[in-house]
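Dear colleague,

Please read the notes beside the model itself.

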Amino acid sequence: MTHNTEPAASKPNIIFFMTDQQRWDCIGTYNSHIHTPNIDKLTAQGITYSQAVCQAPMCVPSRTSMMFGYYPSQLGVRTNHGGLYDEDKLPSDPLPELMRQAGYQTAGFGKTHWNHGVKTEVPSTRGFEVRAVGLSRDSGHYEDGAIMMGDVEPEGLAAYYEETKEYGGGEENSKGYIGCTSQVPTPWHRDGWVAEQCLNFIDEGLDESRPLFLYLSFLKPHAGFNVPKEFEDLYDLNEIPDIPQPPWELEQDTHLAATDAVNESSQINYWEKRHVWEAMTPEERKRTTLRYWANCSWLDDYLGQALEKLERQGRLDNALIVFVSDHGEMMGERQHRFSKYCLYESSVRVPMILAGSYLPQVAHDTVDDRPAELVDLVPTLSKVAGLPRNPQLPGLDLLGETKRLGTFCEFHGKGTEPHHSAPALMWRKQDYKLIMYMPGTLGGAIGRIGEFQGELYDLAADPNEWHNAYGDEKYAAIRERMTGELLMHLACVWSRGPVFYDRHGLAALE
(Lines give C-alpha, C1' and ligand atoms only; values in the text may rest on other atoms or scores of the structure.)
Protein backbone atom coordinates (compact mmCIF):
# COMPACT_ATOMS: atom_id res chain seq x y z
CA MET A 1 0.00 0.00 0.00
CA THR A 2 1.35 3.43 -0.93
CA HIS A 3 1.50 5.69 2.11
CA ASN A 4 0.70 9.36 1.87
CA THR A 5 3.53 11.69 2.86
CA GLU A 6 1.39 14.75 3.57
CA PRO A 7 2.40 16.35 6.91
CA ALA A 8 0.17 15.12 9.75
CA ALA A 9 -0.48 18.64 10.95
CA SER A 10 -2.31 19.52 7.72
CA LYS A 11 -4.70 16.57 7.87
CA PRO A 12 -8.06 17.15 9.51
CA ASN A 13 -9.20 15.15 12.48
CA ILE A 14 -11.96 12.75 11.40
CA ILE A 15 -14.72 12.24 13.97
CA PHE A 16 -17.11 9.44 13.04
CA PHE A 17 -20.40 9.03 14.93
CA MET A 18 -22.68 6.09 14.17
CA THR A 19 -26.00 4.85 15.53
CA ASP A 20 -27.86 1.58 14.99
CA GLN A 21 -31.26 1.42 13.32
CA GLN A 22 -31.96 5.17 13.30
CA ARG A 23 -34.45 6.17 10.64
CA TRP A 24 -33.48 8.94 8.22
CA ASP A 25 -36.35 11.08 9.51
CA CYS A 26 -35.47 10.74 13.21
CA ILE A 27 -33.32 13.82 13.54
CA GLY A 28 -34.70 17.21 14.47
CA THR A 29 -33.81 18.71 11.11
CA TYR A 30 -36.39 16.45 9.42
CA ASN A 31 -38.85 15.90 12.26
CA SER A 32 -39.90 18.73 14.55
CA HIS A 33 -41.02 16.20 17.17
CA ILE A 34 -37.47 14.90 17.67
CA HIS A 35 -35.05 16.42 20.20
CA THR A 36 -31.56 16.02 18.70
CA PRO A 37 -29.98 19.46 19.23
CA ASN A 38 -26.40 18.28 18.70
CA ILE A 39 -27.13 16.48 15.45
CA ASP A 40 -29.10 19.55 14.35
CA LYS A 41 -25.99 21.66 14.98
CA LEU A 42 -24.06 19.35 12.67
CA THR A 43 -26.59 19.93 9.91
CA ALA A 44 -26.07 23.67 10.41
CA GLN A 45 -22.29 23.20 10.22
CA GLY A 46 -22.21 20.97 7.18
CA ILE A 47 -23.92 19.00 4.44
CA THR A 48 -26.97 16.79 4.92
CA TYR A 49 -27.27 14.05 2.30
CA SER A 50 -31.04 13.83 2.00
CA GLN A 51 -31.14 10.79 -0.30
CA ALA A 52 -28.63 8.51 1.47
CA VAL A 53 -29.29 4.76 1.67
CA CYS A 54 -27.61 1.75 3.23
CA GLN A 55 -26.41 -1.22 1.19
CA ALA A 56 -28.34 -3.88 3.13
CA PRO A 57 -31.19 -3.44 5.63
CA MET A 58 -29.51 -5.28 8.49
CA CYS A 59 -26.48 -4.77 10.72
CA VAL A 60 -23.70 -7.12 9.67
CA PRO A 61 -23.75 -6.74 5.86
CA SER A 62 -24.46 -3.00 6.12
CA ARG A 63 -21.58 -2.26 8.50
CA THR A 64 -19.16 -4.61 6.74
CA SER A 65 -20.01 -2.98 3.43
CA MET A 66 -19.53 0.50 4.87
CA MET A 67 -16.20 -0.30 6.52
CA PHE A 68 -14.67 -2.02 3.47
CA GLY A 69 -16.32 0.10 0.79
CA TYR A 70 -17.73 -2.80 -1.24
CA TYR A 71 -21.30 -4.02 -1.70
CA PRO A 72 -22.44 -6.97 0.45
CA SER A 73 -22.50 -9.43 -2.45
CA GLN A 74 -19.01 -8.39 -3.49
CA LEU A 75 -17.84 -9.29 0.01
CA GLY A 76 -19.99 -12.41 0.34
CA VAL A 77 -21.57 -11.01 3.51
CA ARG A 78 -25.27 -10.89 2.69
CA THR A 79 -27.07 -11.54 5.99
CA ASN A 80 -26.45 -11.25 9.71
CA HIS A 81 -25.18 -14.84 9.62
CA GLY A 82 -22.17 -13.85 7.53
CA GLY A 83 -18.87 -12.17 8.22
CA LEU A 84 -15.24 -11.75 7.15
CA TYR A 85 -13.42 -13.95 9.62
CA ASP A 86 -9.95 -14.60 8.23
CA GLU A 87 -7.62 -11.69 8.92
CA ASP A 88 -5.20 -12.91 6.25
CA LYS A 89 -7.82 -12.99 3.49
CA LEU A 90 -9.63 -9.69 3.78
CA PRO A 91 -10.56 -8.22 0.39
CA SER A 92 -9.06 -4.84 1.27
CA ASP A 93 -8.06 -2.79 4.28
CA PRO A 94 -11.04 -1.57 6.32
CA LEU A 95 -11.55 2.08 7.13
CA PRO A 96 -9.73 2.22 10.51
CA GLU A 97 -6.70 0.47 9.04
CA LEU A 98 -6.67 2.91 6.12
CA MET A 99 -6.72 5.79 8.60
CA ARG A 100 -3.87 4.23 10.59
CA GLN A 101 -1.81 3.91 7.41
CA ALA A 102 -2.52 7.57 6.66
CA GLY A 103 -0.83 8.55 9.94
CA TYR A 104 -3.90 8.88 12.16
CA GLN A 105 -4.25 7.86 15.77
CA THR A 106 -7.18 5.46 15.51
CA ALA A 107 -9.60 4.90 18.38
CA GLY A 108 -12.84 2.95 18.12
CA PHE A 109 -15.56 2.78 20.75
CA GLY A 110 -18.69 0.69 20.36
CA LYS A 111 -20.39 -1.44 17.79
CA THR A 112 -18.86 -2.62 14.56
CA HIS A 113 -20.79 -5.94 14.33
CA TRP A 114 -18.45 -7.36 11.74
CA ASN A 115 -18.96 -10.88 13.25
CA HIS A 116 -15.27 -10.77 13.97
CA GLY A 117 -15.29 -12.93 17.09
CA VAL A 118 -12.60 -15.37 16.01
CA LYS A 119 -9.35 -15.65 17.96
CA THR A 120 -6.22 -15.00 15.94
CA GLU A 121 -2.54 -15.58 16.64
CA VAL A 122 -1.99 -11.83 16.69
CA PRO A 123 -5.02 -10.03 18.18
CA SER A 124 -6.59 -7.85 15.51
CA THR A 125 -8.73 -4.77 15.94
CA ARG A 126 -8.61 -4.08 12.19
CA GLY A 127 -6.70 -0.85 12.48
CA PHE A 128 -7.98 0.52 15.77
CA GLU A 129 -5.08 1.24 18.10
CA VAL A 130 -7.50 1.85 20.98
CA ARG A 131 -10.63 -0.31 21.03
CA ALA A 132 -13.50 -0.74 23.52
CA VAL A 133 -16.65 -2.80 22.98
CA GLY A 134 -19.74 -2.74 25.22
CA LEU A 135 -20.31 -6.50 25.22
CA SER A 136 -19.09 -9.59 27.01
CA ARG A 137 -16.26 -11.68 25.65
CA ASP A 138 -18.59 -14.66 25.16
CA SER A 139 -21.14 -12.67 23.17
CA GLY A 140 -19.95 -13.98 19.80
CA HIS A 141 -19.10 -10.44 18.69
CA TYR A 142 -15.98 -9.74 20.72
CA GLU A 143 -12.88 -8.40 19.03
CA ASP A 144 -9.61 -9.98 19.99
CA GLY A 145 -7.43 -7.21 21.38
CA ALA A 146 -10.32 -4.95 22.45
CA ILE A 147 -11.30 -3.93 25.96
CA MET A 148 -14.65 -5.63 26.65
CA MET A 149 -17.26 -4.25 29.04
CA GLY A 150 -17.88 -7.73 30.44
CA ASP A 151 -14.25 -7.91 31.57
CA VAL A 152 -14.02 -4.54 33.33
CA GLU A 153 -17.65 -3.81 34.34
CA PRO A 154 -19.29 -7.22 34.84
CA GLU A 155 -21.70 -5.99 37.53
CA GLY A 156 -23.01 -3.24 35.27
CA LEU A 157 -23.41 -5.48 32.24
CA ALA A 158 -25.18 -8.08 34.37
CA ALA A 159 -27.62 -5.43 35.62
CA TYR A 160 -28.32 -4.36 32.05
CA TYR A 161 -28.98 -7.92 30.93
CA GLU A 162 -31.24 -8.50 33.94
CA GLU A 163 -33.40 -5.54 32.93
CA THR A 164 -33.65 -6.74 29.32
CA LYS A 165 -33.83 -10.50 29.94
CA GLU A 166 -37.38 -10.78 28.57
CA TYR A 167 -36.66 -8.81 25.39
CA GLY A 168 -35.67 -11.85 23.32
CA GLY A 169 -32.93 -12.32 20.75
CA GLY A 170 -31.47 -9.00 19.72
CA GLU A 171 -33.93 -7.42 22.19
CA GLU A 172 -36.45 -7.40 19.34
CA ASN A 173 -39.53 -9.20 20.62
CA SER A 174 -42.70 -7.33 21.60
CA LYS A 175 -41.46 -6.68 25.12
CA GLY A 176 -38.25 -5.26 23.68
CA TYR A 177 -40.22 -2.80 21.58
CA ILE A 178 -42.54 -1.90 24.45
CA GLY A 179 -39.50 -1.26 26.63
CA CYS A 180 -39.49 0.44 30.01
CA THR A 181 -38.24 3.42 31.94
CA SER A 182 -34.78 2.12 32.72
CA GLN A 183 -33.70 1.66 36.33
CA VAL A 184 -30.12 0.81 35.36
CA PRO A 185 -27.58 3.62 35.89
CA THR A 186 -26.59 5.05 32.51
CA PRO A 187 -22.88 4.05 32.78
CA TRP A 188 -24.07 0.44 33.13
CA HIS A 189 -25.94 0.53 29.85
CA ARG A 190 -23.74 -0.80 27.06
CA ASP A 191 -23.91 2.49 25.17
CA GLY A 192 -23.35 4.43 28.37
CA TRP A 193 -20.21 2.45 29.17
CA VAL A 194 -18.89 2.86 25.61
CA ALA A 195 -19.55 6.60 25.71
CA GLU A 196 -17.73 6.94 29.04
CA GLN A 197 -14.72 5.07 27.62
CA CYS A 198 -14.68 7.47 24.68
CA LEU A 199 -14.99 10.57 26.86
CA ASN A 200 -12.17 9.39 29.11
CA PHE A 201 -9.99 8.75 26.08
CA ILE A 202 -10.57 12.28 24.80
CA ASP A 203 -9.51 13.62 28.20
CA GLU A 204 -6.46 11.41 28.68
CA GLY A 205 -5.46 9.45 25.59
CA LEU A 206 -5.00 11.82 22.64
CA ASP A 207 -1.67 11.77 20.80
CA GLU A 208 -0.76 15.39 20.14
CA SER A 209 1.65 14.43 17.37
CA ARG A 210 -0.96 12.86 15.08
CA PRO A 211 -4.38 13.68 13.64
CA LEU A 212 -7.24 11.76 15.21
CA PHE A 213 -9.62 9.23 13.70
CA LEU A 214 -12.27 8.71 16.38
CA TYR A 215 -15.13 6.25 15.89
CA LEU A 216 -18.00 6.28 18.42
CA SER A 217 -20.76 3.81 17.55
CA PHE A 218 -23.88 2.97 19.54
CA LEU A 219 -26.17 -0.05 19.82
CA LYS A 220 -29.32 2.07 20.07
CA PRO A 221 -31.88 3.38 19.09
CA HIS A 222 -32.21 -0.30 18.09
CA ALA A 223 -34.62 -2.10 20.41
CA GLY A 224 -34.86 -2.79 23.35
CA PHE A 225 -36.42 0.42 24.43
CA ASN A 226 -35.27 0.64 28.04
CA VAL A 227 -34.58 4.36 28.27
CA PRO A 228 -33.47 6.71 31.07
CA LYS A 229 -36.37 8.78 32.38
CA GLU A 230 -34.77 12.16 31.65
CA PHE A 231 -34.95 11.43 27.91
CA GLU A 232 -38.48 10.06 28.02
CA ASP A 233 -39.45 13.31 29.75
CA LEU A 234 -38.41 15.30 26.67
CA TYR A 235 -41.56 14.07 24.91
CA ASP A 236 -45.28 14.55 25.39
CA LEU A 237 -47.22 11.39 24.57
CA ASN A 238 -50.19 13.48 23.42
CA GLU A 239 -48.09 15.09 20.67
CA ILE A 240 -46.84 11.83 19.13
CA PRO A 241 -48.75 10.66 16.03
CA ASP A 242 -49.96 7.09 15.66
CA ILE A 243 -48.44 5.06 12.81
CA PRO A 244 -50.56 5.26 9.61
CA GLN A 245 -51.55 1.88 8.20
CA PRO A 246 -52.28 0.83 4.60
CA PRO A 247 -55.79 0.04 3.37
CA TRP A 248 -54.94 -3.65 2.91
CA GLU A 249 -54.80 -6.14 5.79
CA LEU A 250 -52.20 -8.57 4.49
CA GLU A 251 -48.89 -7.89 2.76
CA GLN A 252 -49.39 -7.81 -0.99
CA ASP A 253 -47.28 -9.53 -3.67
CA THR A 254 -43.99 -8.00 -2.59
CA HIS A 255 -40.43 -9.01 -1.75
CA LEU A 256 -41.44 -8.78 1.91
CA ALA A 257 -44.24 -11.29 1.41
CA ALA A 258 -41.81 -13.55 -0.48
CA THR A 259 -39.38 -13.38 2.43
CA ASP A 260 -42.10 -14.29 4.91
CA ALA A 261 -43.06 -17.24 2.74
CA VAL A 262 -39.65 -18.92 3.03
CA ASN A 263 -38.78 -18.01 6.63
CA GLU A 264 -41.00 -19.53 9.28
CA SER A 265 -39.30 -17.70 12.14
CA SER A 266 -39.87 -14.40 10.34
CA GLN A 267 -43.58 -15.17 10.01
CA ILE A 268 -43.89 -16.16 13.66
CA ASN A 269 -42.01 -13.07 14.79
CA TYR A 270 -44.20 -10.78 12.70
CA TRP A 271 -47.53 -12.24 13.81
CA GLU A 272 -46.47 -12.28 17.45
CA LYS A 273 -45.83 -8.54 17.27
CA ARG A 274 -48.89 -7.83 15.16
CA HIS A 275 -51.27 -9.51 17.60
CA VAL A 276 -49.77 -7.49 20.45
CA TRP A 277 -49.93 -4.17 18.62
CA GLU A 278 -53.43 -4.64 17.26
CA ALA A 279 -54.65 -5.14 20.83
CA MET A 280 -52.99 -1.93 22.04
CA THR A 281 -54.63 1.44 22.44
CA PRO A 282 -53.22 4.30 20.34
CA GLU A 283 -51.61 5.69 23.51
CA GLU A 284 -49.83 2.40 24.18
CA ARG A 285 -48.53 2.29 20.61
CA LYS A 286 -47.35 5.90 20.88
CA ARG A 287 -45.33 4.94 23.97
CA THR A 288 -43.15 2.74 21.79
CA THR A 289 -42.55 5.62 19.38
CA LEU A 290 -41.77 7.89 22.34
CA ARG A 291 -39.12 5.50 23.65
CA TYR A 292 -37.56 5.08 20.22
CA TRP A 293 -37.31 8.85 19.89
CA ALA A 294 -36.02 9.11 23.47
CA ASN A 295 -33.22 6.68 22.54
CA CYS A 296 -32.27 9.00 19.67
CA SER A 297 -32.17 11.94 22.09
CA TRP A 298 -30.05 10.00 24.58
CA LEU A 299 -27.40 9.20 21.96
CA ASP A 300 -27.52 12.78 20.74
CA ASP A 301 -26.62 13.87 24.26
CA TYR A 302 -23.53 11.64 24.28
CA LEU A 303 -22.57 12.97 20.86
CA GLY A 304 -22.77 16.50 22.28
CA GLN A 305 -20.58 15.58 25.25
CA ALA A 306 -17.92 14.13 22.95
CA LEU A 307 -17.97 17.18 20.68
CA GLU A 308 -17.66 19.52 23.66
CA LYS A 309 -14.58 17.70 24.95
CA LEU A 310 -13.02 17.57 21.48
CA GLU A 311 -13.59 21.29 21.09
CA ARG A 312 -11.85 21.99 24.41
CA GLN A 313 -8.91 19.91 23.19
CA GLY A 314 -8.74 21.97 19.98
CA ARG A 315 -9.58 18.93 17.86
CA LEU A 316 -12.47 20.60 16.06
CA ASP A 317 -10.40 23.51 14.73
CA ASN A 318 -9.55 21.35 11.72
CA ALA A 319 -12.04 18.49 11.61
CA LEU A 320 -14.45 16.58 9.44
CA ILE A 321 -17.36 15.15 11.42
CA VAL A 322 -19.45 12.24 10.11
CA PHE A 323 -22.86 11.26 11.43
CA VAL A 324 -24.62 8.21 10.01
CA SER A 325 -26.67 5.13 10.87
CA ASP A 326 -26.41 1.60 9.48
CA HIS A 327 -30.07 1.25 8.41
CA GLY A 328 -33.54 2.30 9.47
CA GLU A 329 -36.51 0.87 11.37
CA MET A 330 -40.09 0.16 10.26
CA MET A 331 -41.62 1.16 13.63
CA GLY A 332 -44.97 -0.53 13.09
CA GLU A 333 -45.62 0.44 9.47
CA ARG A 334 -47.20 -1.89 6.87
CA GLN A 335 -49.62 -3.48 9.36
CA HIS A 336 -47.41 -3.43 12.44
CA ARG A 337 -44.03 -4.35 10.98
CA PHE A 338 -41.04 -3.70 13.21
CA SER A 339 -37.27 -3.96 12.72
CA LYS A 340 -35.74 -3.48 9.26
CA TYR A 341 -35.69 -6.55 7.03
CA CYS A 342 -37.04 -5.10 3.79
CA LEU A 343 -36.26 -2.54 1.07
CA TYR A 344 -38.85 0.08 1.95
CA GLU A 345 -37.93 3.69 2.72
CA SER A 346 -38.04 3.46 6.50
CA SER A 347 -35.54 0.60 6.43
CA VAL A 348 -33.08 1.60 3.72
CA ARG A 349 -32.78 5.37 4.07
CA VAL A 350 -30.32 6.65 6.66
CA PRO A 351 -29.34 10.00 8.12
CA MET A 352 -25.97 11.07 6.69
CA ILE A 353 -24.18 14.31 7.57
CA LEU A 354 -20.68 15.61 6.86
CA ALA A 355 -19.85 18.64 8.97
CA GLY A 356 -17.07 20.59 10.63
CA SER A 357 -14.41 23.19 10.05
CA TYR A 358 -12.76 21.17 7.27
CA LEU A 359 -15.66 22.11 5.01
CA PRO A 360 -15.75 25.57 3.44
CA GLN A 361 -18.23 27.96 4.99
CA VAL A 362 -20.31 27.95 1.80
CA ALA A 363 -21.04 24.24 2.41
CA HIS A 364 -22.46 24.80 5.89
CA ASP A 365 -26.19 24.39 6.41
CA THR A 366 -26.67 22.87 2.96
CA VAL A 367 -28.58 19.88 1.63
CA ASP A 368 -27.13 17.63 -1.07
CA ASP A 369 -29.95 15.74 -2.78
CA ARG A 370 -27.70 13.65 -5.02
CA PRO A 371 -28.02 9.88 -4.55
CA ALA A 372 -25.63 8.82 -1.77
CA GLU A 373 -24.65 5.48 -0.25
CA LEU A 374 -22.78 4.19 2.80
CA VAL A 375 -20.08 2.80 0.49
CA ASP A 376 -19.24 6.40 -0.40
CA LEU A 377 -17.68 6.95 3.03
CA VAL A 378 -14.47 4.98 2.43
CA PRO A 379 -13.48 6.85 -0.78
CA THR A 380 -14.55 10.17 0.75
CA LEU A 381 -12.58 9.78 3.98
CA SER A 382 -9.61 8.21 2.20
CA LYS A 383 -9.30 11.29 0.01
CA VAL A 384 -9.60 13.58 3.04
CA ALA A 385 -6.82 11.59 4.72
CA GLY A 386 -4.56 11.94 1.67
CA LEU A 387 -4.70 8.30 0.56
CA PRO A 388 -4.73 7.22 -3.09
CA ARG A 389 -8.07 6.24 -4.54
CA ASN A 390 -8.90 2.54 -4.75
CA PRO A 391 -10.34 2.28 -8.30
CA GLN A 392 -12.16 -0.97 -7.53
CA LEU A 393 -14.54 0.56 -5.00
CA PRO A 394 -18.12 1.25 -6.18
CA GLY A 395 -18.46 4.33 -3.97
CA LEU A 396 -17.98 7.97 -4.93
CA ASP A 397 -16.39 10.93 -3.17
CA LEU A 398 -19.29 12.64 -1.39
CA LEU A 399 -17.40 15.94 -1.54
CA GLY A 400 -16.72 15.62 -5.26
CA GLU A 401 -18.80 16.62 -8.26
CA THR A 402 -19.58 13.18 -9.74
CA LYS A 403 -23.22 12.20 -9.52
CA ARG A 404 -24.67 8.71 -9.82
CA LEU A 405 -28.11 8.14 -11.32
CA GLY A 406 -29.51 6.19 -8.39
CA THR A 407 -28.77 4.24 -5.24
CA PHE A 408 -28.49 0.49 -4.76
CA CYS A 409 -29.44 -1.77 -1.87
CA GLU A 410 -29.69 -5.56 -1.69
CA PHE A 411 -31.64 -7.91 0.56
CA HIS A 412 -31.24 -11.67 0.94
CA GLY A 413 -33.66 -12.48 3.73
CA LYS A 414 -32.80 -13.54 7.26
CA GLY A 415 -31.74 -17.17 6.86
CA THR A 416 -28.46 -18.93 6.11
CA GLU A 417 -27.16 -20.25 2.79
CA PRO A 418 -28.59 -21.96 0.80
CA HIS A 419 -31.90 -21.50 2.59
CA HIS A 420 -32.05 -17.73 2.74
CA SER A 421 -34.37 -15.87 0.41
CA ALA A 422 -33.56 -15.43 -3.24
CA PRO A 423 -32.19 -11.92 -3.79
CA ALA A 424 -34.17 -8.71 -3.85
CA LEU A 425 -32.42 -5.70 -5.40
CA MET A 426 -33.39 -2.05 -5.11
CA TRP A 427 -32.65 0.81 -7.50
CA ARG A 428 -33.81 4.11 -6.04
CA LYS A 429 -34.07 7.59 -7.49
CA GLN A 430 -35.45 10.65 -5.73
CA ASP A 431 -38.97 10.19 -7.12
CA TYR A 432 -39.12 6.48 -7.96
CA LYS A 433 -38.03 3.15 -6.54
CA LEU A 434 -37.66 -0.17 -8.38
CA ILE A 435 -37.38 -3.49 -6.53
CA MET A 436 -36.61 -6.67 -8.48
CA TYR A 437 -36.87 -9.94 -6.61
CA MET A 438 -37.14 -13.70 -6.91
CA PRO A 439 -39.65 -15.62 -4.81
CA GLY A 440 -38.46 -18.71 -3.00
CA THR A 441 -35.05 -19.59 -1.60
CA LEU A 442 -31.65 -19.11 -3.16
CA GLY A 443 -31.21 -22.85 -3.67
CA GLY A 444 -32.19 -23.63 -7.26
CA ALA A 445 -32.99 -20.01 -8.06
CA ILE A 446 -30.61 -19.96 -11.00
CA GLY A 447 -33.01 -22.23 -12.86
CA ARG A 448 -36.02 -20.04 -12.08
CA ILE A 449 -34.89 -16.58 -13.07
CA GLY A 450 -37.87 -16.22 -15.38
CA GLU A 451 -40.05 -16.13 -12.26
CA PHE A 452 -38.71 -12.75 -11.20
CA GLN A 453 -41.18 -10.19 -9.93
CA GLY A 454 -41.06 -6.46 -9.42
CA GLU A 455 -42.25 -3.50 -7.45
CA LEU A 456 -42.28 0.11 -8.58
CA TYR A 457 -43.22 3.03 -6.37
CA ASP A 458 -43.90 6.62 -7.26
CA LEU A 459 -42.29 8.09 -4.14
CA ALA A 460 -43.57 11.59 -4.79
CA ALA A 461 -47.21 10.48 -5.07
CA ASP A 462 -47.00 7.44 -2.78
CA PRO A 463 -44.36 8.07 -0.06
CA ASN A 464 -45.70 5.19 2.07
CA GLU A 465 -45.10 2.71 -0.79
CA TRP A 466 -48.57 1.22 -0.51
CA HIS A 467 -49.35 1.07 -4.25
CA ASN A 468 -47.16 -1.12 -6.45
CA ALA A 469 -47.15 0.42 -9.94
CA TYR A 470 -44.88 -2.22 -11.53
CA GLY A 471 -47.66 -3.56 -13.77
CA ASP A 472 -49.19 -0.17 -14.52
CA GLU A 473 -48.59 0.69 -18.18
CA LYS A 474 -48.61 4.37 -17.29
CA TYR A 475 -45.24 3.70 -15.64
CA ALA A 476 -43.90 1.32 -18.32
CA ALA A 477 -41.22 3.71 -19.63
CA ILE A 478 -39.97 4.49 -16.13
CA ARG A 479 -39.96 0.79 -15.23
CA GLU A 480 -37.93 -0.17 -18.28
CA ARG A 481 -35.50 2.70 -17.88
CA MET A 482 -34.84 1.92 -14.23
CA THR A 483 -34.48 -1.80 -14.95
CA GLY A 484 -31.78 -1.02 -17.50
CA GLU A 485 -30.02 1.34 -15.10
CA LEU A 486 -30.01 -1.30 -12.35
CA LEU A 487 -28.60 -3.91 -14.74
CA MET A 488 -25.80 -1.65 -15.97
CA HIS A 489 -24.99 -0.46 -12.46
CA LEU A 490 -24.45 -4.04 -11.33
CA ALA A 491 -22.47 -4.89 -14.46
CA CYS A 492 -20.13 -1.94 -13.90
CA VAL A 493 -19.71 -2.72 -10.21
CA TRP A 494 -19.04 -6.42 -10.59
CA SER A 495 -16.60 -5.92 -13.45
CA ARG A 496 -14.36 -3.77 -11.21
CA GLY A 497 -13.68 -5.90 -8.17
CA PRO A 498 -12.78 -6.64 -5.56
CA VAL A 499 -9.66 -8.43 -6.73
CA PHE A 500 -9.05 -10.42 -3.57
CA TYR A 501 -5.56 -11.57 -4.45
CA ASP A 502 -4.31 -8.01 -5.12
CA ARG A 503 -5.25 -6.13 -1.97
CA HIS A 504 -1.86 -4.39 -1.73
CA GLY A 505 -1.42 -3.67 -5.42
CA LEU A 506 -3.76 -0.73 -5.75
CA ALA A 507 -1.10 1.77 -6.83
CA ALA A 508 -0.48 -0.30 -9.97
CA LEU A 509 -4.16 -0.05 -10.86
CA GLU A 510 -4.27 3.75 -10.88
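The side chain of Thr 288 reaches the backbone oxygen of Tyr 177 at 2.9 Å, a polar contact in the sense of a pair of N or O atoms within 3.5 Å, where, within protein, one must be able to donate a hydrogen and the other to accept it, and where residues adjacent in sequence count only if both atoms are side-chain atoms. This is a predicted model, in which local features need pLDDT of at least 70 and side-chain atom pairs count only at pLDDT 80 or more, while totals for chains, interfaces and linings use all residues. Residues are numbered from 1 along each chain as its sequence is written, and side-chain values use heavy atoms, with hydrogens and water left out.

Thr 288 belongs to helix α12, which spans 282–312; helices here are DSSP runs of H or I with at least four residues, strands are runs of E with at least two, and both are numbered from the N terminus. With a relative accessible area of 2%, Thr 288 is buried, where buried means under 20% relative accessible area, exposed over 50% and partly exposed in between, for a 1.4 Å probe and protein chains only. Leaving aside residues up to four places away in sequence, Thr 288 touches Tyr 177, Ile 178, Phe 225, Trp 277, Met 331 and Phe 338, a contact being heavy atoms within 4.5 Å. Of these, Met 331 is 43 residues from Thr 288 in sequence, yet the C-alpha atoms of the two are 8.4 Å apart in space.

Aromatic residues come next. The whole structure holds 18 aromatic pairs, counted when the ring centres of Phe, Tyr or Trp (its six-membered ring) lie within 6.5 Å, with planes under 30 degrees apart called stacked, over 60 edge-to-face and the rest tilted. One of them is the tilted pair of Phe 109 and Phe 201, at 5.5 Å centre to centre and with 45° between the planes. Because Phe 109 lies in strand β4 (residues 105–110) and Phe 201 in helix α8 (residues 190–204), this pair ties together parts that are 92 residues apart in sequence. Phe 109 is buried at 2% relative accessibility, and Phe 201 is buried at 8%.

Phe 225 and Tyr 292 also form a tilted pair, 5.8 Å centre to centre with 50° between the planes. Phe 225 sits in the loop between β8 and β9 (226–227) and Tyr 292 in helix α12, so the pair ties together parts 67 residues apart in sequence. Phe 225 is buried at 0% relative accessibility, and Tyr 292 is likewise buried at 0%. Ring pairs link Tyr 177, Phe 225, Trp 277, Tyr 292 and Phe 338 into a cluster.

What is the order of the nine strands in the open sheet? The order is β6-β5-β4-β8-β1-β10-β11-β2-β12, with mixed pairing, and two strands are taken to pair if DSSP finds at least two bridges between them. The edges are formed by β6 (147–148) and β12, each with a single partner strand, so one side of each is left without a neighbour in the sheet.

Within this sheet, strand β1 (residues 13–20) is mostly covered, with eight of its eight residues buried. Both faces take part: Asn 13, Ile 15, Phe 17 and Thr 19 are buried on one side, and Ile 14, Phe 16, Met 18 and Asp 20 on the other. Seven bridges join β1 to the parallel strand β10 (residues 319–325), where Ile 14 stands opposite Leu 320. Six bridges, again in the parallel sense, join β1 to β8 (residues 212–221), and there Phe 17 stands opposite Leu 216. Further along, β4 and β5 (residues 130–133) pair in the parallel sense over three bridges, and the bridge partner of Phe 109 in β5 is Ala 132.

Finally, in helix α1 (residues 37–44), Asn 38, Ile 39, Leu 42 and Thr 43 are buried. These buried residues fall within an arc of 150° seen down the axis of α1, so they line one face of the helix, the arc being that of the directions from the helix axis to the C-beta atoms. They pack against several elements, among them β2 (46–49), α12 and β10.

With best regards
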